[in-house]
Amino acid sequence: MRPLDTRIHFSDEQAMLLESATSFCRERSPSAAVRSLLHAESGFDAGVWAQIAELGWLGIAVPEALGGSGLSLGHAAVIAEPMGRHLLASPFTSSQLCSQGLLAGASAAQQALWLPRLCQGTVASVALFEDEGSWDLTRPQASAQTQGASIRLHGHKTLVTDAAAAELLLVSVWHDGAPALVLLPCTDLPAHALQREVVIDETQRCYRLALDGITLPAEALITGEAALAALQAMREAAWLLASASAAGGLAGVLDVTVDYLNTRSAFGRKIGSYQALKHGCAELLCTLERARSHVAHAASLLIDGLDAEVALRMAKAEAGDGLVQGGDRGVQFHGGFGFTYDCDAQLYLRRGLWLQAWFGDAAHQRSRLAELLFAA
Amino acid sequence: MQDLDEFRQQVSDWLRANRPTEPDFLLPESFMEVGSDAQFNYLRDWQRKVYEAGYLGMTWPAAYGGGGKPQVYQDIVNAEMARQKVPFVPNTIGLSWAGPLILEIGSEAQKQRYIRGMLSGDEIWCQGFSEPDQGSDLANCQTRAVRVADSSGDHYLINGAKIWTSLGQYAKYMILLARTNPQEKRYAGLSYFLIPMDAPGISTRPIRKLTGEYGFTQTFFDNARVPADGLMGREGEGWQIAMKTLTFERGAAGGQAGGLNRMHLGIEDLVELARRSKRDGEPAINDPLVRDQLVRFIIEAQGDRLCGARARLPALCSERPDAIPLSNKLRVTEHARRMFQFSSSLQGANAARWVGDAQAVDGGKWQRGYFNSFSATIGGGPSQIQANIVGERVLGLPKD
């Protein structure tokens, strides 16, 4: 078995970022705010989003020359964890994925056009999934055909997060026998191209994107190695941000649950004194500590510019399943209240089930990890 | 750097040339499992050889028998030993707990008397903390020590019993926690002693473990007379000194003499076992279910290693600084137990075999390892107590 790196580092800069992100998310995303947005069409608070842009968090992993602060995606994980913990709804992750895709695969002109705007708060997203629900991003059924100086798009994408708010979508298509990406400005979308989908996590806004009939200039296409690099960058960004957010969510649901166990009494004593519940919480704490350590390690590798695939897949498997387990036990440990819509444990359980399946569930990650680790 | 590289090479060569030949019996996993004279003699001879070569206690002061060298040399030796999977050195309680303690707070006479024999393995050490009736509650220690000065000198008379005394039947000395003040119910009445095991009135009785092997004793004190100069610190300071010993035991304080302290059997070895094992004519490691389970264990083991790295960064642990240290034993020992349990499923029908059977896979060390893994999930406070500690002290849940 190949030996595994165990580095973790955390700069003063990251520590300050963590502190400010933690208090920002706690203040801006209390449970009442999360719930008030669940059934709002946009799904997020534009004022909070503007503040996130002002804080410079959207450009954290974008070079200074393109309007960012020139740090790494590893730093964005520091922000994603408290966002997950407080279930703060925003197109942060969607936009980060698009930024990372553009940085890895777009032309200099495309980067110069879009990245400064994304850093300022222009919403963007990625359209990588299709009806089959496969996590293999390199075999899209949707396609692009070159017609002179134009390309014509066919097919559709699903589970496109924050598409209605986005001004740019990075769409994966099959082109000329290989995977490619298309920069699709949303001003070019025909009416009814986006159809809202109903997803398990009600803090998310997901859309089905119909591509038939859309024509774009040929320059909108990213092909070859650049497309593969962009797909990989988006996937890695998704793994990292989902893992960080799930670890944060696990911390959040553990807090909600421990608070309840310290408040509610049954048979003459606080229910948290019952070992059956106490031990369940201790087990979640163990999972949380492991998950956080995996996330911090994967972020450290990315900051050092090293291959992080193994670390990211481990983090995704551990944190994704961890949040589902945390939400599951959270619901159960709340007893009757846990079965109601009013109990916040269900919000975390839904988030967990969303994140678990997003860009590869734990069994999928373990299967790929086995290939990476056990290769002779 | 040049020097260190040369040193590493020299150690590597020495270990290759001097490692003892494989015995025709299964070696114990750690000092807690030494159950036969053959095992004990084999390991003690190995410790003496390592010490005489200058590879043990390298950082301890030369005046007491150590090497007087910087830590980096011992680290290199330890790493080479782990890499070459040589046998462990058995005097763990001396080398890793009592030795560092004596060097830190012992008197000059104690350092002169104890350190050299501890390193050479001529004088084996054991620990008398746990008691038969107190389980995990160390502070409730009931073994009594009463000071008496008479014509035969200044002594303590010890009465009571200790349990789980590893190497009890081989030890020359014991670190003992006993109550000198019965008026003080818990911590304050305890004192800490270094006592000779051959003092009159001390007897041991072997305890047979679930593996069928021996390795622990119960130790009885019947008006045992031990010299008063064995008292560490002052009367009433026993609890603090015991806690200091535990920080050495947990490796948190450094200062250990070095050498391996157990036979390493980890996830890498399990993966290697899966490569060798067959399922339907194919290596077991090609079976998707085996792969999935192995990767689960790897993710957990890596998570625990990474927790160790993260614990060193306060900014990443600020929310609950105690979470990693206080959950460590629960995470690591339960992981090991489940991993050993799983190892049986890699052996097909041969999983039914046991130590001593000629066809047992790896001499039966996986099955024995599973049984012995309970020593870690139970010893030092069972997992269920650990989960209470995590729930109450880390998460702030109410006590029972």
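This is a predicted model: local features need pLDDT of at least 70, side-chain atom pairs count only at pLDDT 80 or more; totals for chains, interfaces and linings use all residues.

Student: Which residue is the bridge partner of Leu181(A) in E10(A)?

Tutor: Residues are numbered from 1 along each chain as its sequence is written, while chains are lettered from A and ligands numbered from 1 in the order in which they are written. Strands here are DSSP runs of E with at least two residues, and helices are runs of H or I with at least four, numbered from the N terminus. In E10(A), Leu181(A) has as its bridge partner Ile222(A).

Student: In which sense do E6(A) and strand E10 of chain A pair?

Tutor: Two strands pair if DSSP finds at least two bridges between them. E6(A) and E10(A), residues 221-222, are joined over two bridges, and the sense is antiparallel.

Student: Why is strand E6 of chain A described as largely enclosed by the rest of the structure?

Tutor: A residue is buried if 20 or more other C-beta atoms, placed from the backbone, lie within 10 Å of its own, exposed if 12 or fewer, and partly exposed in between. E6(A) spans residues 178-185, and it is largely enclosed because the buried ones number six of the eight.

Student: Which helix supplies the largest share of the side of chain B that touches chain A?

Tutor: Contact means that C-beta atoms, placed from the backbone, lie within 7 Å, and 37 residues of chain B are in contact with 37 residues of chain A. Helices H7 (267-276), H8 (288-311), H9 (323-343) and H11 (383-394) of chain B each supply at least two residues of that side. The largest share, 15 residues, comes from H8(B).

Student: How far apart do the C-alpha centres of domain 1 of chain B and domain 3 of chain B lie?

Tutor: By an automatic or database domain assignment, chain B is divided into domain 1 (2-122), domain 2 (126-249) and domain 3 (267-394). Four residues of domain 1 of chain B are in contact with seven of domain 3 of chain B. The C-alpha centres of these two domains are separated by 27 Å.

Methods:
Two residues are in contact if their C-beta atoms, placed from the backbone, lie within 7 Å.
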